[in-house]
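Dear colleague,

I am passing a structure on to you, and below it you will find my notes on what turned up when I went through it. Please read them with the model open beside you.

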Amino acid sequence: MQMKRIPPCPWQPEGTVYGTLLNFRREWDLWAPRMTQDPHKAAPQAPVLYVKTANTFSPAGQDLLLQDGVSEVDIGATLGLVIGDDGQVAGAALLCDWSVPHTSYYRPPVKFRCRDGFLALPQQATKGQVADWTALQIEVRRNGEWVQTVDLRKLVRDLSTLLADVGEFMTLQAGDVLMVGTDCLADGTRPRAKAGDRVEVSAPGFSSVSVQVGGAA
């Protein structure tokens with residue numbers, strides 16, 4: 001029998017990191033009236049995924065450097081499910097999936113999400129099972145003040161359903177990470193951070209993510 005694994009700290013993904021779009025009910029409902037418009041003309045029937053490339057990985061304790069005219073970023077607090085050697089979920093990690101603010105969130109261009117350092121990582125992942133995190137609430141603070149709670153009870157596809165639906169068209173490999181999605185605020189935007197801000201992402205039982213945002217030198 002193969003043993004499940006979580007890489008030792010400081011933790012970094014050993015495989016591919018996939019993000020999920022439109023997986024929180026509030027954002028889905030906000031976008032639903034436009035899903036029948038061009039170019040897609042229908043709501044997605046399967047999970048909408050994107051890849052967070054290796055250049056985006058930012059180890060715990062590393063600052064986020066804003067460059068190329070970017071003055072602020074969307075804060076994307078999320079949970080990443082870590083795949084073990086047996087192909088099952090071996091654990092999970094809190095992540096901050098930064099993105100440049102943009103108006104077309106449905107299949108956004110790579111340039112908004114795959115910039116250097118745009119995936120903030122915790123010091124370590126947490127061992128456990130999917131059932132442990134179905135009601136997890138992730139808190140986001142900016143400069144010590146609460147700005148958002150990401151509630152996994154409000155997913156369009158809960159953790160088990162998301163894994164099953166992704167498994168219908170692709171196989172997650174050992175070391176891969178599947179992010180369950182990021183939530184928006186009531187107006188459809190996400191909390192934002194600018195140079196000088198410190199952002200903290202935390203949840204019970206998990207290693208927190210804490211990032212200082214800095215401007216280009």
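Helices and strands are named here by their DSSP runs, with helices (H or I) of at least four residues and strands (E) of at least two, numbered from the N terminus. Please bear in mind throughout that this is a predicted model.

On that basis the chain has three helices and 15 strands. Its C-alpha trace spans about 50 × 45 × 30 Å along the principal axes, and the radius of gyration is 16 Å, which agrees with the value near 17 Å that a compact globule of 217 residues would have. Of these 217 residues, 49% count as buried. Among contacts in the chain with a separation of 6 or more, 73% come from residues 24 or more positions apart.

The interior comes next. In soluble globular proteins, nonpolar side chains tend to be buried together. Here the largest nonpolar core has 45 residues, and those with the most contacts inside it are Leu79, Trp98, Trp133, Ile138 and Leu152. Among the elements that give two or more residues to this core are strand E6 (77-83), strand E7 (89-97) and helix H3 (159-167), together with strands E10 (137-142) and E14 (198-202). There is also a second, separate core of 18 residues, which includes Trp31, Tyr50, Ala93 and Met179.

As for the sheet, five strands form an open arrangement in the order E4-E15-E14-E10-E11, with mixed pairing. Strands E4 and E11 are the edge strands, each of them pairing on one side only, and the twist averages 20° from one strand to the next. Within this sheet, E10 and E14 pair in the antiparallel sense over four bridges, and Arg142 stands opposite Val199 in E14.

Is Ser99 buried or exposed? Its relative accessible area is 3%, and because the cut-off for a buried residue is under 20%, Ser99 counts as buried. A polar atom of the Ser99 side chain lies 3.4 Å from the backbone oxygen of Phe112.

With best regards

Technical notes
Residues are numbered from 1 along each chain as its sequence is written. This is a predicted model: local features need pLDDT of at least 70, side-chain atom pairs count only at pLDDT 80 or more; totals for chains, interfaces and linings use all residues. Side-chain values use heavy atoms; hydrogens and water are left out. A nonpolar core is a set of buried Ala, Val, Leu, Ile, Met, Phe, Trp, Tyr and Cys residues joined through side-chain atoms within 4.5 Å. Buried means under 20% relative accessible area, exposed over 50%, partly exposed in between (1.4 Å probe, protein chains only). Two strands pair if DSSP finds at least two bridges between them. Axes are lines fitted to C-alpha atoms, for helices over the stretch in contact, and angles run from 0 to 180 degrees between N-to-C directions. A polar contact is a pair of N or O atoms within 3.5 Å; within protein, one must be able to donate a hydrogen and the other to accept it, and residues adjacent in sequence count only if both atoms are side-chain atoms. The radius of gyration is taken over C-alpha atoms; the globule rule is 2.2 Å times the number of residues to the power 0.38. Contact means heavy atoms within 4.5 Å.
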